[in-house]
Amino acid sequence: MVGTTTGTYLDRILENTASEVERRKTLRSLVDVEREAESQPAAIPFAAALRGSGVSIIAEIKRASPSKGAIAPDIIATDVAREYIDGGAAAISVLTDETFFRGTIGDLQAVASLGREAAQPTPVIRKDFIIDAYQIAEACSVGAAAVLLIVAALDRSTLAELHQAVYAYGLDALVEVHDEAELEVALGIGAKLIGVNNRDLRSFTVDLATTERIAARVPKNVTLVGESGIRTRADVERLGRAGVHAVLVGETLMRAPGRAAAVRELLG
């Protein structure tokens with residue numbers, strides 16, 4: 001379980017997540033979840049999908065957030081996913097936290113199924129606050145290819161255990177960091193797929209220079225993702241020059257009147 005506190009809004013989310021995970025365990029046992037996970041075909045390689053000729057786009061499905069409130073509350077996840085795939089997104093991120101982001105496991109399952117059936121199979125990542133291996137098994141059981149692990153949300157021992165569990169289930173782990181100290185922790189557990197979140201946990205301010213600064217310390221064999229604050233093709237190019245392989249874009253795409261065109265625009 002959670003072994004750290006941040007003194008930020010994240011603590012409230014993690015407390016809620018812990019309660020929610022315990023509730024779901026009473027509804028469906030780990031044995032049942034793992035049985036479903038074992039019946040899934042092999043996951044589409046997530047990290048490999050991000051290593052294209054240019055900067056790839058991970059397009060995010062997000063109805064709301066604590067910092068922005070409602071963004072696109074009435075969307076149907078698969079409709080958005082189709083637009084993203086049509087636009088050329090390399091992967092799709094699906095928020096599954098219900099309380100703060102209005103997402104569901106059902107969204108993840110539906111989008112993962114759609115991604116697998118696409119002409120260009122598109123992997124899907126479970127974007128949530130993972131604190132328990134049960135959540136990783138859930139992600140695997142509905143066809144996800146990867147899960148997010150947030151360094152700030154976990155003590156080092158729990159992070160290492162969950163990171164190992166992700167790969168034991170045949171998935172990829174996107175390990176999210178906010179600063180150099182967290183990067184060292186991520187590298188220390190052997191993370192090969194690292195996301196740099198440009199959003200400050202305390203102020204909610206966003207600065208792309210965060211990725212630029214941290215990227216210089218990331219080994220070349222690590223797949224690097226820039227997260228938060230990417231709005232334009234110029235932003236994508238800026239982070240590409242810093243060395244990222246992909247950017248994760250949520251709010252900008254969710255608010256776009258034509259999401260496929262918006263993905264194409266970011267891709268240039």
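User: Why does F100 count as buried?

Analyst: This is a predicted model, where local features need pLDDT of at least 70, side-chain atom pairs count only at pLDDT 80 or more, and totals for chains, interfaces and linings use all residues. Buried means under 20% relative accessible area, exposed means over 50%, and partly exposed is in between (1.4 Å probe, protein chains only). F100 comes out at 11% relative accessibility, so F100 counts as buried.

User: And what makes Y9 partly exposed?

Analyst: Y9 has 30% relative accessibility, so Y9 counts as partly exposed.

User: Why is the pair of Y9 and F100 called edge-to-face?

Analyst: Rings of Phe, Tyr and Trp (its six-membered ring) pair if their centres lie within 6.5 Å; planes under 30 degrees apart are stacked, over 60 edge-to-face, and the rest tilted. That rule gives two aromatic pairs here. For Y9 and F100 the centres are 5.9 Å apart and the planes stand at 85°, so this pair is edge-to-face. The pair links distant parts of the chain, with Y9 in helix α1 and F100 in helix α5 (residues 98-101), 91 residues apart.

User: Then why is the pair of F101 and F129 tilted?

Analyst: The centres of the F101 and F129 rings are 5.9 Å apart and the planes are at 35°, so the pair is tilted. F101 belongs to helix α5, while F129 is in the loop between β5 (124-127) and α7 (133-141), 28 residues apart. F101 and F129 are both buried.

User: Which residues are closest to the centre of the largest pocket?

Analyst: K62, F101, N197, R199 and S228 are, out of 35 lining residues. A pocket, on a 1 Å grid over the protein atoms alone, is an open set of points where a 1.4 Å probe fits, with protein on both sides within 12 Å along at least five of seven lines; lining residues have an atom within 4 Å of a point. The largest pocket holds about 660 Å³ of space. Its lining has 15 nonpolar, nine polar and eleven charged residues. Helix α1 supplies the largest share, three residues.

User: How do you know that β9 and β10 pair?

Analyst: Two strands pair if DSSP finds at least two bridges between them. Three bridges join β9 (residues 223-227) to β10, and these strands run parallel. G226, for instance, has V247 in β10 as its bridge partner.

User: In what order do the strands close into a barrel?

Analyst: Eight strands do this in the order β1-β4-β5-β6-β7-β8-β9-β10, with parallel pairing. Residue numbers start from 1 along each chain as its sequence is written, and side-chain values use heavy atoms, leaving out hydrogens and water.

Key. Points joined across faces, edges and corners; volume = space filled by probe spheres on them. Helix = DSSP H or I, 4+ residues; strand = E, 2+ residues; numbered from the N terminus. Nonpolar A, V, L, I, M, F, W, Y, C, P; charged D, E, K, R; others polar.
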